[in-house]
Amino acid sequence: MAKRAGLPWDAILGAEVAQAYKPTPEAYLRTADVLMLKPEQICLVAAHNGDLAATRRCGFGTAFIARPTEHGPAQTTDLTPTESWDVVATNMEDLAGRLGV
């Protein structure tokens, strides 16, 4: 995704690096450790309200971007934000604008 869109990611980290699976706190907190950052210095961008709730409990910032057809045209979950996340955006460009980047 990053290569095709020309996105300058510093890192894309997942369960392999954290050696833990979402939504356990270790999945998020170990990622912060790997980046040598405090949770409050990181914002998780996700289309899943449950992931955002778990990261918020760990002290991370939260940004919601809906992916309404991720599970096909009949998707019924995660169509809208279920909490007042730090940022709600329509896409990555909108998110960048809302963050002032």
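Helices (H or I, at least four residues) and strands (E, at least two) are DSSP runs, numbered from the N terminus.

## Basis of the report

This is a predicted model, in which local features need pLDDT of at least 70 and side-chain atom pairs count only at pLDDT 80 or more, while totals for chains, interfaces and linings use all residues. Residues are numbered from 1 along each chain as its sequence is written, and side-chain values use heavy atoms, with hydrogens and water left out.

## The largest pocket

Rolling a probe the size of a water molecule over the atoms shows where empty space is left. On a 1 Å grid over the protein atoms alone, a pocket is an open set of points where a 1.4 Å probe fits, with protein on both sides within 12 Å along at least five of seven lines; lining residues have an atom within 4 Å of a point. Grid points are joined across faces, edges and corners, and a volume is the space filled by probe spheres set on the points.

The largest pocket holds about 1500 Å³ of space. It is lined by 39 residues, of which W9, C43, L44, V45 and M92 are the closest to its centre. At least two lining residues come from each of α2 (15–18), α3 (25–35), β1 (43–46), α4 (49–57) and α5 (92–99); α5 gives the most, with five residues. By class, the lining has 28 nonpolar, five polar and six charged residues. Here Ala, Val, Leu, Ile, Met, Phe, Trp, Tyr, Cys and Pro count as nonpolar, Asp, Glu, Lys and Arg as charged, and the others, Gly among them, as polar.

## The strands β1 and β2

Two strands pair if DSSP finds at least two bridges between them. β1 and β2 pair in the parallel sense over four bridges, and L44 stands opposite T62 in β2.

Burial is judged by relative accessible area: buried means under 20%, exposed over 50%, and partly exposed in between (1.4 Å probe, protein chains only). Five of the five residues of β2 are buried, so this strand is largely enclosed by the rest of the structure. Both of its faces are covered, with G61, A63 and I65 on one side and T62 and F64 on the other.

## Helix α3 and the aromatic pair

The structure holds one aromatic pair, formed by Y28 and F60 in an edge-to-face arrangement, 6.4 Å centre to centre with 65 degrees between the planes. Y28 lies in helix α3 and F60 in the loop between α4 and β2 (61–65), so the pair ties together parts that are 32 residues apart in sequence. Rings of Phe, Tyr and Trp (its six-membered ring) pair if their centres lie within 6.5 Å; planes under 30 degrees apart count as stacked, over 60 as edge-to-face and the rest as tilted. Y28 is buried at 5% relative accessible area, and F60 is buried at 7%.

T31 is also placed in helix α3 and is buried, with a relative accessible area of 15%. Apart from its neighbours within four places in sequence, T31 is in contact (heavy atoms within 4.5 Å) with L13, A18 and E26.

## Backbone geometry

Most residues other than glycine have a negative phi, and most peptide bonds are trans. The peptide bond from K22 to P23 is cis, with omega near 10 degrees; P23 lies in the loop between α2 and α3.

M36, in the loop between α3 and β1, has a positive phi of about 60 degrees although it is not a glycine. M36 counts as exposed, at 73% relative accessibility.
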